Amino acid sequence: MITGKNLVGGVWESSATEVVFKIVNPNTKEQLTTSFQEATSDQLSQAVEKASAAFEVYSTSSFQMRAQFLRAIQEEIRNNSNEILAIYQVESALPEGRAKGELQRTLDQIERFINLLNEGSFSQAIIHTQGPDLRKVLFPIGPIVVFGASNFPLAFSTAGGDTISAFAAGCPVVVKAHPYHAGTSELVAQAIQTAIQKMKLPHGLFSHLGGESHAVGSALVAHPLVKGVGFTGSFKGGKALYDLAQKRSEPIPVFAEMGSVNPMFILENKLKTDGTLAADLASSIALGTGQFCTNPGLIVLCDPENKSSFLDQIRKEINEIPLPPMVHANIEANYHEHLTALDTINEDVQLHTSDNSHAAIGVVSASHFKMNPSLSEEVFGPFSMIVCCQNLDEMIDVAEGLNGQLTATILGTEADQKAIRLLLSKVQPKVGRILFEGVPTGVAVTQAMQHGGPYPASTDSRFTSVGSDAIYRWLRPLAFQDCPDALLPLPLQNQNPLGIQRNVNGLLTNKAL
C-alpha cells in the first residue's frame with residue numbers, strides 16, 4: 001500500500017509540518033488521491049548519516065552476501081509486480097506492454113549484477129609480492145545519492161541501474177524519488193526495504209525520500225557525507241547538480257546522463273535502396289512518445305539530386321502513429337514550447353506535425369543548420385530534426401559541429417565504405433556508442449554496452465550508466481602494503497577464497513599464493 005511517507009534508514013516517517021504534493025494522471029489530467037510528503041532537512045540528514053554508518057559494515061561485506069541481497073530485492077519486486085505495474089501505468093500513461101517490458105528489464109539487470117558478484121573479477125585484484133608486498137583492489141566509495149528518472153519509472157529509478165550497481169559495489173543508497181511517479185517509486189522502495197529486513201542488513205543501507213522542489217536533491221548532493229551521485233535527466237538538472245558537487249569543500253563525482261540528439265547520418269546509397277527506412281525511423285522517433293534518451297533527434301540525409309521520397313514517407317508514417325500522452329504535463333508543455341519556437345523563430349525550418357499525436361519532424365538545409373547552433377539542441381519528445389545535405393562534405397561539416405552525444409548512427413552500403421570512414425573519424429571523438437545498422441533507440445543491458453558520452457551528453461564519458469560496467473562508477477583503487485593476510489579484503493587474500501582471476505606478479509591466475 002502506498003503511504004506517501006519517506007523511508008529514513010529503515011523507518012517510514014511522517015512529519016507534522018510536511019509539504020505535500022500529488023501526482024497528475026497524464027491520461028485524465030486529474031490528481032491522484034495520495035498525498036506525498038516532501039522530505040524535511042532533518043529526514044535527509046538522518047538518511048545520509050545512517051547510510052554513512054551502514055557503509056562501515058556493508059563496504060566490507062562479501063560478494064556472496066551482496067548477491068543474496070540483490071536476489072532478495074529481485075524476488076520482492078517480482079512478488080509485488082501486479083501492484084507495481086498497476087500504479088506505473090496510472091502515473092505514467094505508458095501502456096501495459098511497455099510497463100511489463102521495463103519491469104522485466106529491471107529484473108534482468110539485477111540478475112546481471114548478481115552474476116557479476118558471483119564471478120567477482122570486477123574487483124580487479126592485483127598482487128605484487130616482489131619487493132614490498134603490494135596488493136590493490138577496487139573498493140566502494142561511500143553513500144550514493146540516486147535520482148529517479150522521469151521517463152523510466154523502474155529501470156532508471158528506485159531499483160534501477162544506479163541503485164543496483166551501487167549496492168553491488170558495496171555502497172549504501174539514498175534515493176531521491178521522482179515526483180512524477182512517486183507511488184511506483186515507493187512500492188519498489190518497500191520491496192528493497194523488505195529485502196534488507198529479510199537479510200538482516202543495516203537499516204541505513206537504503207533510504208527513500210520524496211520532494212517536488214529541487215531543494216531536497218540539492219541538499220542531498222551538498223551533504224558532506226555523500227560520496228557520489230547518479231542522475232538521469234535534463235542537461236539543466238544534471239549540470240546544476242554537477243556544479244553544486246564541485247563547489248563542496250570535498251568535491252564528489254556526479255555521474256549525470258543528460259540527454260542527446262543521437263545523430264543519424266544516412267548516405268545517398270542507403271537512402272535509395274532501403275525501402276523500410278522511413279517506417280523504421282518514424283517508429284524509433286515515436287517510441288515511448290519520444291521519451292527515450294536515445295531517441296534519434298537529428299537525422300542527416302545526403303540527397304544531392306533531391307529525388308528521394310524519404311521526407312514524404314516519414315511525414316506519412318509519423319502522421320499515422322497513435323501515441324499516449326507524455327509522462328507529465330510539464331514535459332509535454334516544454335515539448336510544445338520548443339516546437340512553437342521552431343515554427344515561429346526559424347522561418348527556414350519546415351515543421352510537420354502529426355494530426356493524431358504529439359509527433360513532429362523539422363526539415364532544414366545543411367547550410368541553415370550550420371548557421372543556427374540552437375537547432376542541434378535536444379527537443380525531448382517524439383521529434384526529430386532532418387538536415388538535408390547536398391554532398392558528403394556538408395554531412396562532414398554537420399558532424400564536426402556537433403557536441404558530445406550518447407550515440408551516433410552511420411547508415412550506408414558496401415559502396416559507401418570510404419564515406420563511412422570519413423564520417424566515422426568525425427563522430428568517434430563525440431559519442432559513446434556508434435551504430436552501423438538499425439536505430440539507436442533502446443539499449444542492450446550487457447557488459448559491452450556504453451551508455452554515456454562526451455559532455456554534454458554525460459559528465460564523465462569514461463563510464464556507463466547501463467550494463468554491469470556501471471559498477472565502476474562507485475569504486476576506487478585501494479592498495480594494501482605489507483598487510484597481514486587476515487586483514488586483507490577477500491579478493492586479495494593468499495588463498496583466493498573467492499576463486500577469482502587475479503593479476504599476480506604480472507600473470508593472470510586464479511591459483512592461491
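**Cavities, a pocket, an open sheet and a helix pair**

In the predicted model, the count of cavities of 30 Å³ or more comes to seven. The largest cavity has a volume of about 110 Å³, and its lining is made up of 16 residues, among which Phe255, Ala256, Glu257, Ser465 and Arg473 lie nearest the centre. Two elements give two or more residues each to this lining, namely strand S10 (228–232) and strand S11 (254–257). When the lining residues of the largest cavity are sorted by class, eight are polar, four are nonpolar and four are charged.

Open space was examined in the second largest pocket, which holds about 260 Å³. The lining of this pocket comprises 21 residues, and those lying nearest its centre are Ser59, Thr60, Pro489, Leu490 and Pro491. Helix H2 (63–79), strand S6 (134–140) and strand S19 (475–481) each contribute at least two residues to the lining, with the largest share, four residues, coming from S6. By class, 14 residues lining the second largest pocket are nonpolar, six are polar and one is charged.

The two strands named in the lining of this pocket, S6 and S19, also belong to an open sheet of five strands, arranged in the order S19-S6-S5-S20-S21 with mixed pairing. From one strand to the next, the twist averages 25°. Within this arrangement, strand S5 (residues 126–128) and strand S20 (residues 502–504) run parallel and are joined by two bridges. Ile127 has Val504 as its bridge partner in S20.

A helix pair was also examined, given that two packed helices are described by the angle between their axes and the distance between the axes. The axes of helix H3 (residues 81–92) and helix H6 (residues 182–199) come within 8 Å and cross at roughly 160°. Because angles over 145 degrees count as roughly antiparallel, H3 and H6 are therefore described as roughly antiparallel to each other. The handedness of the crossing between H3 and H6 is left-handed.

Methods. Residues are numbered from 1 along each chain as its sequence is written. This is a predicted model: local features need pLDDT of at least 70, side-chain atom pairs count only at pLDDT 80 or more; totals for chains, interfaces and linings use all residues. Side-chain values use heavy atoms; hydrogens and water are left out. On a 1 Å grid over the protein atoms alone, a cavity is a set of points where a 1.4 Å probe fits but cannot get out, and a pocket is an open set with protein on both sides within 12 Å along at least five of seven lines; lining residues have an atom within 4 Å of a point. Grid points are joined across faces, edges and corners, and a volume is the space filled by probe spheres set on the points. Ala, Val, Leu, Ile, Met, Phe, Trp, Tyr, Cys and Pro count as nonpolar, Asp, Glu, Lys and Arg as charged, and the others, Gly among them, as polar. Two strands pair if DSSP finds at least two bridges between them. Axes are lines fitted to C-alpha atoms, for helices over the stretch in contact, and angles run from 0 to 180 degrees between N-to-C directions. Angles under 35 degrees count as roughly parallel, over 145 as roughly antiparallel, 65 to 115 as roughly perpendicular and the rest as oblique. A crossing is left-handed if the near helix is turned anticlockwise from the far one by less than a right angle, and right-handed if clockwise.
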